[in-house]
Amino acid sequence: MNITLIFCAVLSLVFMTLIIRKNASSKIIKVIYSLISLIISFVCFANVYGLLGGIITGVACLMCVGLLTAFITGKALKGY
Amino acid sequence: MKSITLKKLFLMHSWVGVLTAVLLFIVAFSGALAVLSRPELKIWANPELQSTQIVPSSDINTLVNQYYKQVPSAFGENIHVFMPSGHNFYLLTLVFESHHGDENYSQEVARVFQFHPDSLALVDSYYGPSKEFYANKKTDAPSYIGEFHADLHLGRPIGLILTGFLGLTLLKSAVTGLFIHRKMFKELFTFRRSKGLDIAISDAHKVMGIWGSVFNIVIGFTGAFLGLATIILLPAAAFVSFGGDQDKLIETFTAIPEPVVSHIEQPTNIDAILENAKSRFPKAVIIDATIMANNDANAQVYLRLLGGEAVASQLLHYRGDGEFVKSMSSFGDISGISIKVIEVLFPLHFGNFAGIFIKLLWVILGLTTALLPLSGMMMWLSKRTRGSNPTLSVQAYTRWNRFIIGSCGGLVLASFVLFPLQIVLNYSVDGALQNAFFGPVFFYSWLGWLLVSLLPMHHTFYFKLTLLLCGAALSAVMPLNILIGQNNIMNFNSALVVIVDSLFMLIGLTFIWAGLKLKLTKQPILEAQTV
Amino acid sequence: MFKVSKNNKSTFKAIKRRHFLACVVALITAVIIIPGMTTYLPFHMNEQILLPIMLFPIIWVGLFMYAYLAEHVWQPFAVMLLLSISHGLLSLLALMQGKA
């Protein structure tokens, strides 16, 4: 169960970074989808690590996912 | 923000970054390794811990009472039980201490018994000053790297002051870096690896700096606090209230009150207490237990727990009959918000509050903290070789690169060499005698590789050699373990050993692959000509 | 080994004095502030001692950056001197009161 929750949380954060990276989306769409993904990931992490642990893990995981997304995918092409 | 202010911030960021680049890499890289040192790599390094790290509570109770009867009564004042969890000792350790000494010693003296975690056979015993016992306890490769991260093995206070100041400079660099990279949202995903090495390094520096900014600020802040707290901050804070006596300040706030011995015999329910703690905090690990006035009606038991939902480590206070009294900070019964913040600083720095997933996040982020000053230094150097009037000649550029590879790459090599060394020592050297090998092997490998940088070779060739040697050192772990190790991938006695050995092999092969893939210039062993 | 860029000299006035302020005086000031703060913070004794300790890294970074960012070098010097003297005097007074 814990592994499933962590997996879901990480996937949400990957989705969030890909949304932020996407140039074609408007800012409002990016904000809405990002917030939803963030809430899902924090809820998942909080269920595994408790409230404070969940917040810390969520922030750290977001940093890692963002870094790896940037290194692997680079900047999105214009119009994408 | 005015352009002159931005320019000033940029220069501050550059100067501090260049001055502290190599040291910051050293501390950050060793820190990234140290995250996994306890308990994962410590268990890997000690065959005794590989079979089990959990001793049944009833067995602990039996052992404590059995040896309590064997030691003189003065040694029953304080009993410390260190669990073989991989955080402290590698054996189940019972320390019976007499704070007031005995007929042979006028200082704090201990009688120690150490047991194999699985068979509970008595492995070692000690009688003598407590300080000597703790100072000479067996170390291992991961613990050595962890201690190196804390004070660079320069001793205290110099080592701690240095690492503490590096925390301050990291904090300063992170803050100025955020100010100067105003286009941070636009540069969040900008990484142009196909545009050449200089651009790739510049983009990597910005990406790592922006995404890792919160982590770097936290590590800088907590690192500065941890390094400087006992050397400068606590004595300064104690100056007014306690006349500068830091020990008195610590005692006032953190001292656990000694119980008054009633001389009414009542068995101390150690097993019930341990079971109760496990049921209250199932996700936490019990690191050690302190039993005061054992088997007396006024006995008190304190358990130190790490991890779980509390995030920070905590101290559980029980009465001897098993009644739970309270949970408090591991520093003692201190009220207020500040202590709660300080408690959280430790797990925020070490990343050890909730299992392997968080540790892996800390390792990745720690490696980016290590690569940041390095990439910044490379940007700074390459900028000075460009243009019509470069301030740095090609020869000097090559020499600087060799120095960076020798010092930083040398540290990586020295750290990696410790792992196959650990396997050899487990096979050939007993107990604390292993301690004598880690220092010389580590520092001589590092120094040796740094001296190789004096040879007139192209820095790309030198980097290639470094990658290949690092890869070879790590790749040697699995075959060595198969040949001479007790638990390995062939007999599958320990899943952790299999996983760690496999990861070492994977990382080692990756280094070798990267080294082989690296393209050399036409003259690898001749220094670049001056322009 | 490196040529000092003329641009750096014009960006910062009195660069050597700023280096001294940032590297030496800022540290001394931040250390003196810690015991001084324990004398006037309106909290329980725990907080009076722990809060200045926690604030030390932020104070030092602030003073360090101010030493370079200030337009004139006398400005950060005056601020650090004022902070050091005031907090030093507060500490001294508290010590003397304690002894009495």
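The dialogue below takes up the sheet, a helix, the domains and the chain contact in turn.

Reply: Please keep in mind throughout that this is a predicted model.

Me: In what order do the strands of the open sheet in chain B run?

Reply: The general idea is that strands of a sheet pair through backbone hydrogen bonds, either parallel or antiparallel. In chain B, eight strands form an open sheet in the order β4-β3-β2-β1-β5-β6-β7-β8, with antiparallel pairing. From one strand to the next, the twist averages 15 degrees.

Me: Which are the edge strands?

Reply: They are β4 (122–129) and β8 of chain B, each of which pairs on one side only.

Me: How many bridges join β7 and β8 of chain B?

Reply: Five bridges join strand β7 (residues 314–319) and strand β8 (residues 324–329) of chain B, in the antiparallel sense. Gln314(B) has Ser329(B) in β8(B) as its bridge partner. The two strands form a hairpin with four residues between them, and Gly322(B) in the turn has a positive phi of about 105 degrees.

Me: Which helix lies across β1, β2, β3 and β5 of chain B?

Reply: That is helix α4 (residues 57–70) of chain B, which runs at about 140 degrees to β1(B).

Me: How should I read burial along a helix? Which residues of α12 in chain B are buried?

Reply: The general idea is that an α-helix has 3.6 residues a turn, so residues three or four places apart point the same way. In helix α12 (residues 337–350) of chain B, the buried residues are Ser338(B), Ile339(B), Ile342(B), Glu343(B), Pro347(B), Leu348(B) and Phe350(B). The elements covering them include α9 and β8 of chain B, as well as α2 (27–73) of chain A and α3 (45–69) of chain C. After α12(B) comes Gly351(B), with a positive phi near 65 degrees.

Me: What are the domains of chain B?

Reply: The domain assignment gives domain 1 (1–46 + 140–254), domain 2 (48–139) and domain 3 (384–531). The C-alpha centres of domain 1 and domain 3 of chain B lie 23 Å apart. Their contact takes 14 residues from domain 1 and 15 residues from domain 3. On the domain 1 side, α1 (3–34), α2 (37–45) and α6 (141–151) of chain B each give two or more residues, and α1(B) gives the most, with six. By class, this side of domain 1 has eleven nonpolar, one polar and two charged residues.

Me: How many residues of chain B are in contact with chain A?

Reply: In chain B, 22 residues are in contact with 22 residues of chain A. Three helices of chain B, α8 (197–211), α9 (213–241) and α13 (355–383), each supply at least two residues of the side that touches chain A. The most come from α13(B), with six residues. This side of chain B has 17 nonpolar, three polar and two charged residues.

Me: What is the secondary structure of chain A?

Reply: Chain A has two helices and zero strands. Its C-alpha atoms fill a box of roughly 40 × 25 × 20 Å along the principal axes. Of the 80 residues in chain A, 35% are buried.

Key. Residues numbered from 1 in each chain as written. Chains lettered and ligands numbered in written order. Predicted model: local features only at pLDDT ≥ 70, side-chain atom pairs only at ≥ 80, totals over all residues. Contact = placed C-beta atoms within 7 Å. Nonpolar A, V, L, I, M, F, W, Y, C, P; charged D, E, K, R; others polar. Domains from an automatic or database assignment. Pairing = 2+ DSSP bridges. Buried ≥ 20, exposed ≤ 12 C-beta atoms within 10 Å, placed from the backbone. Axes fitted to C-alpha atoms, helices over the stretch in contact; angles between N-to-C directions.
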